[in-house]
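Student: Could we go through this structure together, one question at a time?
Tutor: Gladly, let us look at it.

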Amino acid sequence: MSGFPVRSILWSALAAAALLPAAHAGEVSVAVAANFTAPMQRIAAQFEQDTGHKAVLSFGATGKFYAQIANGAPFGVLLAADDATPQKIAREGLGNGATRFTYAIGRLVLWSKQPGYVDAQGQVLRTGDWKHIAIANPRLAPYGLAAMQTLDKLGLAAQVQPRVVTGENIGQTYQFAASGNAPLGFVALSQVMENGQLREGSAWVVPATMHAPIRQDAIVLQRGQGNPAADALMQYLRGEKARAVIRAYGYDF
């Protein structure tokens with residue numbers, strides 16, 4: 001009988017230790033660029049399972065997120081679609097510049113929901129009989145700017161411009177193409193790729209040399225300072241488990 005209290009104390013200690021992650025789990029509100037929706041949903045689920053912390057995700061245009069952050073929106077972390085916005089946030093004291101890093105380099109793709117419509121060299125831009133092409137607003141969306149840079153490099157900007165249907169962000173741009181309202185769209189590769197494969201339709205992956213690099217930076221914002229969940233998420237995004245997901249959606253580093 002003398003051993004019973006010892007065993008009881010031991011089991012109590014083990015039970016308490018098992019509850020530690022939940023007891024210390026935190027939550028962070030994350031503003032996520034629309035192009036990173038699918039991979040971040042998977043990463044957030046893994047992050048919560050592995051750390052106990054929860055990332056509450058909001059998706060949208062980086063330019064709009066900047067305006068919201070400047071007006072006091074309670075985001076703790078920003079995963080931007082560019083590197084310029086996090087730099088600006090750091091300069092303006094809205095975030096901690098020391099935490100900023102490139103979590104992914106985006107890839108642009110010319111995509112059609114229709115199989116066989118887009119050829120492997122993108123010659124459909126010159127030869128196709130299409131009437132509309134979806135492109136994100138180049139003043140707000142880095143993928144839209146990259147699309148226009150690509151058309152400039154191909155010498156097609158003036159020819160294509162009258163047929164452009166402008167999306168507010170890359171999410172809306174993808175919807176234009178996915179719905180068939182535009183037979184072609186310049187979208188993020190991550191929107192049409194999963195597990196290293198094109199999900200549907202046909203595509204030309206635009207060579208990275210055709211436009212400026214789409215560096216996507218993360219930064220801890222003022223509201224995230226001192227939040228263990230924010231710090232844990234930034235560390236998790238650098239880890240191999242998260243990077244494997246990011247690669248599977250066609251991003252580079």
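Tutor: Helix α2 (residues 37-51) and helix α10 (residues 228-238) pack with their axes 11 Å apart, at an angle of about 115 degrees. Helices here are DSSP runs (H or I, at least four residues) and strands are runs of E (at least two), numbered from the N terminus; axes are lines fitted to C-alpha atoms over the stretch in contact, with angles from 0 to 180 degrees between N-to-C directions. This is a predicted model, where local features need pLDDT of at least 70, side-chain atom pairs count only at pLDDT 80 or more, and totals for chains, interfaces and linings use all residues. Residues are numbered from 1 along each chain as its sequence is written, and side-chain values use heavy atoms, with hydrogens and water left out.

Student: Which residues of α10 make the contact with α2?
Tutor: Contact means heavy atoms within 4.5 Å. On the α2 side, the contact is made by M40, I43, Q46, F47, D50 and T51. Their partners on α10 are A229, A232, L233, Y236 and L237.

Student: With which residue does D50 form a salt bridge?
Tutor: A salt bridge needs a side-chain nitrogen of Lys or Arg within 4 Å of a carboxyl oxygen of Asp or Glu. For D50, the closest N and O atoms of the pair are 3.0 Å apart. D50 lies in α2 and its partner in helix α11 (residues 240-248), so the pair ties together parts that are 191 residues apart in sequence. The partner is K241.

Student: What is the volume of the largest cavity?
Tutor: On a 1 Å grid over the protein atoms alone, a cavity is a set of points where a 1.4 Å probe fits but cannot get out, while a pocket is an open set with protein on both sides within 12 Å along at least five of seven lines; lining residues have an atom within 4 Å of a point. The search finds 1 cavity of 30 Å³ or more. Counting the space filled by probe spheres set on points joined across faces, edges and corners, its volume is about 90 Å³.

Student: Which element gives the largest share of the lining of the largest pocket?
Tutor: This pocket holds about 350 Å³ of space and is lined by 21 residues. The largest share is 4 residues, from α6.
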